[in-house]
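Hi everyone, thanks for coming. Please take a moment to look at the structure on the screen, and then I'll walk you through it piece by piece.

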Amino acid sequence: MFNKFWSDLSINQKLAITAWIFLAVPIIFYVTIRFYPTYEAFYVSFMKWNLLGAKKYIGFKNYFKIFGDDDFWIVLWNTIKYAVIGVPISLLISFTVAYYLNEIKFGHQTIRAFYFIPFLTTAIAMAWVWRWFYQPMPIGYFNIILSWVGIPQQPFLQSVEQGLYAIMAPAVWAGLGFQIVIFIAGIRAIPKSHFEAAEIDGAGRVQILREIILPALKPTTIFLVVISTIGFLRIFDQVYSMSEDSAGGPLNSTKPLVLMIYDFAFDEYKLGRASALTVILFLLLLTVSLLQLWFMRKQR
Amino acid sequence: MSSNVHMIERLEKINPKKVIIWTLLFIGSIIMVTPIIFMVSMSFKTGQEVYIFSLFPEKATFDNYLFVLKESKFLYWGLNSLWVATFSTLSVLFFDSLVGYTLAKYNFRGREIVFIAILSTLMIPTEMLIIPWYMMSREFGWIDTYWGIAFPGLMTGFGTFLMRQFFMSLPDELIEAARIDGWSEFAIWWKIAMPLVIPALSALAIFHFLGNWTAFLWPLIITNDPDMYTIPVGLASFNGENETNWEIVMTASCLATIPTLFVFIILQKYIIKGIMLAGLKG
C-alpha cells in the first residue's frame with residue numbers, strides 16, 4: 001500500500017516529502033518551545049496571576065501599573081544607561097586595540113589571546129573577583145591603588161552614583177575580546193589592493209584609516225553595535241551576583257529590566273506583571289533590531 | 001659579542017613608534033588578564049592571607065581545592081554543567097544543520113515560510129519565554145531535571161541560519177550525483193554534506209557549548225535542589241551565605257574558569273577562526 005503510493009510519486013514530490021520529514025521534529029520544537037510560549041507571554045501579560053490561583057483577565061492594568069511605578073522608570077533608565085554608555089566605551093576600546101594589534105607581528109597571537117580570554121569566563125565567577133577589587137580600603141585592590149596616588153577611597157558598589165558603572169566595567173571587560181576578534185576579521189577582509197592604491201596616492205595613516213578602513217568596517221560596526229546593545233539591555237548575571245542580596249544596588253540604582261522581571265516573577269510571584277515587563281523588554285529589543293535593518297538597508 | 005651587534009642593528013631598524021604601540025598593547029593585555037591572575041593567586045592563599053594584597057601567596061596551599069572538591073557540591077555542579085552543555089550542543093549540531101540543510105538544498109512549497117518563522121525566533125528574547133517555560137516545566141515535572149535545564153536550547157535560530165548559509169555554498173551537482181548513485185537522502189546529508197561543513201560545525205559547537213557553560217538565568221530558575229545546580233548557579237549560591245569564605249569562593253571560581261581557558265589555549269586557532277566565521281556570516 002505505502003510502497004505503491006511512494007512509487008507513484010514524482011521525484012519532486014518525494015523530495016518535498018523528505019524535506020517535511022526532516023523538518024517534522026524541529027517544527028514541533030519551534031511551535032511548542034518558541035511560538036506557543038511567545039503567545040503565552042503576551043497572554044499572561046493581560047492577567048492577574050500569582051502562579052497558584054486562577055488567572056484573571058485585567059486588560060492593560062499590568063501595563064498601567066508598571067508605567068505608574070516610579071521604580072520602573074528608574075530601572076528602565078538604568079537599562080538604557082548600561083547600553084548607551086557601555087556600548088560606545090567598549091567599541092572605542094576594542095576598535096583601537098584591534099586597529100593597532102592588527103599591525104603587530106611580534107607576539108600577536110599571545111597578546112590577542114590575553115585580550116580574548118575574559119570573553120571565555122563565567123560572569124558569575126568573575127563577579128566575585130570584581131567584588132573583591134571594589135572592597136573598601138585595607139582589602140579592595142582598587143582602593144589600595146587609589147591610595148598610592150593619593151586619591152580618597154571610593155565606595156564603588158556601595159554608592160548610588162558609582163554602582164552602575166562598577167557593574168558595567170566587568171561587562172565591558174568580558175565583551176572586549178569578542179569585539180576585537182570581529183574587528184580584526186573585518187580589517188583583514190578589506191582587499192589589499194585598496195591599501196596599495198592609497199599608498200600610491202600618497203595617503204597617510206590617518207587618511208587610510210578615515211577613508212578606507214572605517215567605511216569598510218561599517219557593516220561590522222553595525223553588527224557589533226547591535227549585538228552589544230542587545231547584550232547590555234539584557235544585562236542580568238553581573239548585577240545579580242555583584243549587588244548585596246542580589247537586590248540591584250542601593251535604591252535600585254543598578255537594577256536593570258531583567259532583574260526586575262526576575263524579582264516580580266520568582267520573588268513576588270506577580271507573573272502577570274512580570275510578563276508585561278518582558279513584553280516591554282521585547283519591544284525595546286525589537287526597536288534596536290529594526291533600527292539595524294534600517295541602517296543596513298540605507299547602506300546599500 | 002657579534003650577536004649583540006646584530007641585536008643592535010636589528011633594534012635600530014625597529015621604528016620607535018611601533019615599540020611604544022607594542023608596549024601599550026602589551027600592558028593592556030596584561031591588565032585584561034589581571035583579574036584572572038588574582039583569582040588564581042587567591043585560590044592558593046589561606047583564609048587569613050587572602051586579606052593581604054599580594055600576587056604570590058607566602059605559603060601556597062592546596063587545601064582550598066581539596067575543600068571545594070570534597071566538602072562542597074562543586075563536583076556535582078561540574079558534572080551537571082558538562083552533561084547539559086554536551087547534550088544540548090550535540091542536539092544543536094544535529095538539528096540546526098539538518099534544518100539548515102533542508103532549507104538550503106530542498107525545493108518545496110512553504111520553505112520560505114519555515115525559514116522566516118525560524119529566523120523570526122531570533123527576535124524573541126529568552127527573558128520573554130522564561131515565565132512560560134517555567135509554567136510548562138511545573139506542569140510536566142521538569143523542575144530539577146537535566147531535561148528541564150536543557151530543553152530551551154535544543155535548537156537555535158542562529159545555528160540554523162549559520163548552517164543554511166554554509167550548505168547553500170555546496171554545489172547542487174554533488175547531491176544530484178549521490179542521488180543517482182542511489183544514496184538515501186539522509187545519507188547524502190550525513191555522509192556527504194556534513195563533512196564538508198566541519199569548520200562551521202565546530203564554530204557552532206564552540207559558541208553553543210560556551211554559551212551553555214556560562215548560562216545563568218534559566219538554570220537559576222529551573223533548579224531548586226543544590227544537587228542539580230549548574231556551575232554558575234552554584235557559584236552564585238555562595239552569595240546568600242552570611243559569611244563569605246573568599247578563598248573558597250575564589251577557588252570555586254577558578255575551577256569554573258580554568259577548564260575553558262585550557263580548551264582555549266589548545267584550540268586557540270580554531271576558536272578564533274570559528275568566531276570570525278560565525279561573526280562575519282551571522
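**Two chains, piece by piece**

Let's begin with chain A, where the domain assignment gives domain 1 (2-44) and domain 2 (62-299); such bounds come from an automatic or database domain assignment. Before going on, please keep in mind that this is a predicted model, where local features need pLDDT of at least 70, side-chain atom pairs count only at pLDDT 80 or more, and totals for chains, interfaces and linings use all residues. As for names, residues are numbered from 1 along each chain as its sequence is written, while chains are lettered from A and ligands numbered from 1 in the order in which they are written.

Back to chain A. The centres of its domain 1 and domain 2, taken over C-alpha atoms, are separated by 39 Å. Its secondary structure comes to 14 helices and 2 strands; these are DSSP runs numbered from the N terminus, with helices being H or I of at least four residues and strands being E of at least two. The radius of gyration of chain A is 25 Å, well over the 19 Å that the globule rule gives for 300 residues, so chain A is more spread out than a compact globule. Along the principal axes, the C-alpha atoms of chain A fill a box of roughly 80 × 60 × 35 Å.

Now let's look at how some helices pack. How far apart are the axes of helix α8 (residues 163-188) and helix α11 (residues 218-233) of chain A? They are 10 Å apart, and the helices pack at an angle of about 160°. Axes here are lines fitted to C-alpha atoms, for helices over the stretch in contact, and angles run from 0 to 180 degrees between N-to-C directions. That angle makes α8(A) roughly antiparallel to α11(A), a label for angles over 145 degrees. In this contact, where C-beta atoms placed from the backbone must lie within 7 Å, the residues of α8(A) include A:Gly175 and A:Phe183, and those of α11(A) include A:Leu224 and A:Phe232. The contact residues divide into 5 nonpolar, 6 polar and no charged. In this scheme Ala, Val, Leu, Ile, Met, Phe, Trp, Tyr, Cys and Pro count as nonpolar, Asp, Glu, Lys and Arg as charged, and the others, Gly among them, as polar.

Helix α4 (residues 70-101) of chain A also packs with α11(A), at an angle of about 140° and with the axes 8 Å apart. Among the residues making this contact are A:Tyr82 and A:Gly86 of α4(A), along with A:Leu224 and A:Phe232 of α11(A). By class, there are 8 nonpolar, 5 polar and no charged residues.

On to chain B, which is assigned domain 1 (2-64) and domain 2 (66-281).

Finally, where do the chains meet? In all, 64 residues of chain B are in contact with 65 residues of chain A. On the chain B side, α14(B) gives the most, with 15 residues. That side has 51 nonpolar, 11 polar and 2 charged residues.

Methods:
Two residues are in contact if their C-beta atoms, placed from the backbone, lie within 7 Å. Angles under 35 degrees count as roughly parallel, over 145 as roughly antiparallel, 65 to 115 as roughly perpendicular and the rest as oblique. The radius of gyration is taken over C-alpha atoms; the globule rule is 2.2 Å times the number of residues to the power 0.38.
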